[in-house]
Amino acid sequence: MLAMLLVASPALAQSLTPEWRAGGELGLLMRQEAGGQRTPLPALTARLSYDHLPGPLAAGLSYQFAFAREGTVVRSFTQHHRLHLRPQVSLPLGTAFFSLGAGPGLQLSHSSVADAQRSYGALVSRWCAGAELAFGVRLGRTQLRTGVDVTYAPGRLDLVVGMGASFGWGDPR
Amino acid sequence: MRTLLLTLALVLCGPAAAQSGELLSPPLPEPEASEEQPALPEELPAPSLPPGTARNRLPDQTAEVLQPGEGQFNLFYLQYSRGLLPGLQLSAQLGAYLLTLVNLTAEYQIVDRDELRASVELGAYWFALSPVLAINALQVHLTPRVTVPLGGDFELNLAPTLRAQVLALPGLSQNVRDLRGEVSLIRYDPFGAWMLQGRFPLLTQQTLHVDELLGQANVTGSLLLDDLDSWGVVLFRDQLIGDTAHLRFGLGYRRRPGLLLADSLGNLILQFDLYWR
């Protein structure tokens with residue numbers, strides 16, 4: 001069934017892609033812990049892409065923010081910032097599309113622990129690599145999109161499930 | 001008491017896996033012109049299709065709802081659904097009433113465009129014997145659904161579900177919230193539809209409070225579980241039978257064994273259902 005869909009896709013393709021596209025997503029970061037289990041954290045993602053590359057290619061950049069807050073007497077607050085370079089390839093199906101992107105990224109995590117008298121914080125940075133599979137639909141210059149993002153860093157494989165919207169501007173192709 | 005609680009849990013979990021469907025009569029064959037039989041004049045009115053059109057053939061999987069006055073009965077889960085107003089459908093699981101679970105589910109289609117259809121489903125189950133047995137059981141679920149035509153006979157459907165359960169006994173209370181997702185790729189044909197469905201539970205959060213445990217009073221604990229390992233995939237065939245019925249058969253795999261009959265049989269997902277409209 002999937003093969004039939006892929007074979008049929010070129011005939012259904014539409015190429016009215018604006019030049020630039022920016023948007024945001026709300027999602028759930030399933031962050032893998034040392035024990036292997038994953039902790040869900042709320043995540044926000046901002047995206048910027050340039051779609052006027054040859055063929056179905058697009059250049060993408062994304063920034064993701066997630067946080068965890070715990071504790072009452074002793075409070076901890078952890079922020080996760082990720083910047084990803086995401087070249088993408090799109091498969092249009094009428095007004096819908098699938099997109100697959102992969103690329104390197106940089107991850108910064110800052111944790112702070114505080115009580116009434118003292119506080120302590122630490123910043124950790126590491127390189128990572130990620131891939132994303134998204135599905136969306138075009139409504140004029142607006143795109144609605146949902147997707148799964150997998151990010152690998154040494155000892156960790158995180159997953160983000162999110163949905164959002166983006167708006168395109170510039171001349172359509 | 002444990003048996004009763006297990007039964008309640010099974011019934012509460014049932015609707016999430018419940019399948020309901022809708023019937024579409026196969027398209028009428030087009031009259032063919034031949035030398036012996038002259039072609040029909042063009043001004044003849046086209047035969048009218050029954051109310052269940054291709055768009056709402058599988059309303060339990062898509063963001064479609066039954067039309068006003070249209071009803072269907074789901075045999076396996078004893079669920080009756082009826083279109084009440086344009087865009088609004090109500091459902092009740094009649095079998096649950098035998099266990100005194102008062103339940104009602106409403107689905108409203110909020111977007112109806114060629115590129116995209118979307119609906120929101122809200123449902124609740126309540127254990128009606130709560131005042132007598134001092135057991136409070138309530139479940140509420142919220143399911144937005146999105147249907148995107150992919151061209152041809154294909155559709156893609158997305159349906160995340162947020163569910164909350166409250167169970168309260170004397171000296172004990174438990175709250176459970178879970179989030180799960182469902183992706184379905186459907187291909188329609190004149191005799192029914194094929195459907196490939198992926199299911200991925202994301203997380204479960206449980207909070208338990210007991211008045212007394214091992215000599216401690218007012219003990220509260222919270223547990224957040226990652227359910228991703230319980231993903232599953234199912235291939236369904238929805239086959240039309242005559243003008244008033246269709247059946248659905250599904251065979252699939254669930255990586256972690258789930259609730260017996262509600263989720264899977266071990267790792268095997270086996271589903272069968274029959275529908276009348």
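A residue is called buried here if 20 or more other C-beta atoms lie within 10 Å of its own, exposed if 12 or fewer, and partly exposed in between, with C-beta atoms placed from the backbone. This is a predicted model, in which local features need pLDDT of at least 70 and side-chain atom pairs count only at pLDDT 80 or more, while totals for chains, interfaces and linings use all residues. Residues are numbered from 1 along each chain as its sequence is written, and chains are lettered from A and ligands numbered from 1 in the order in which they are written.

**View 1. Two residues from one loop of chain B, B:Q67 and B:A63**. Helices (H or I, at least four residues) and strands (E, at least two) are DSSP runs, numbered from the N terminus. Look for B:Q67 in the loop between α1 (2-17) and β1 of chain B. B:Q67 counts as partly exposed because 19 other C-beta atoms lie within 10 Å. From B:Q67 to B:L99 it is 32 residues in sequence and 30 Å in space, C-alpha to C-alpha. B:A63 also lies in the loop between α1 and β1, and B:A63 is buried, since it has 27 C-beta neighbours inside 10 Å. Two residues are in contact if their C-beta atoms, placed from the backbone, lie within 7 Å. Leaving aside residues up to four places away in sequence, B:A63 touches B:Q109, B:R117, B:A118, B:S119, B:R145, B:V146 and B:T147. As for B:L223, 160 residues away along the chain, its C-alpha atom is 33 Å from that of B:A63.

**View 2. Strand β1 of chain B and its partners, β2(B) and β14(B)**. Two strands pair if DSSP finds at least two bridges between them. β1(B) runs antiparallel to β2(B), with four bridges joining them, and B:N74 has B:Q79 as its bridge partner in β2(B). With strand β14 (residues 268-276) of chain B, β1(B) also pairs in the antiparallel sense, over two bridges. There, the bridge partner of B:N74 is B:Y275. The covered face of β1(B) holds B:Q72 and B:N74, and the uncovered one holds B:G71 and B:F73.

**View 3. Positive phi at B:L78 and B:N218**. Most residues other than glycine have a negative phi. B:L78 is not a glycine, yet its phi is positive, about 50 degrees. Find B:L78 in the loop between β1 (71-74) and β2 (79-85) of chain B; these two strands make a hairpin with four residues between them. B:L78 is partly exposed because 16 other C-beta atoms lie within 10 Å. B:N218, another residue other than glycine, has a positive phi near 50 degrees. B:N218 is in strand β11 (residues 216-226) of chain B, and B:N218 counts as exposed because it has 9 C-beta neighbours inside 10 Å.

**View 4. Strand β4 of chain B with β3(B) and β5(B)**. Strand β3 (residues 88-93) and strand β4 (residues 101-112) of chain B run antiparallel and are joined by four bridges. B:Q89 stands opposite B:E107 in β4(B). β4(B) also pairs with strand β5 (residues 117-127) of chain B, in the antiparallel sense and over eleven bridges. In β5(B), B:A124 stands opposite B:L104. Four residues lie between β4(B) and β5(B), which form a hairpin.

**View 5. The largest nonpolar core, which has 20 residues**. A nonpolar core is a set of buried Ala, Val, Leu, Ile, Met, Phe, Trp, Tyr and Cys residues joined through C-beta atoms within 7 Å. A:A96, B:V148, B:L150, B:L156 and B:I186 touch the most other members of the largest one. At least two residues come from each of β6 (96-114) and β7 (119-139) of chain A, and from each of β6 (136-151), β7 (154-158), β10 (192-213) and β12 (232-241) of chain B. A second, separate core has ten residues, including A:L28, A:L159, A:V160 and B:F200.

**View 6. The contact between chain A and chain B**. Chain B puts in 20 residues and chain A 19. On the side of chain B that touches chain A, β6, β7, β9 (172-189), β10 and β11 each give two or more residues. That side divides into 14 nonpolar, three polar and three charged residues. Here Ala, Val, Leu, Ile, Met, Phe, Trp, Tyr, Cys and Pro count as nonpolar, Asp, Glu, Lys and Arg as charged, and the others, Gly among them, as polar.
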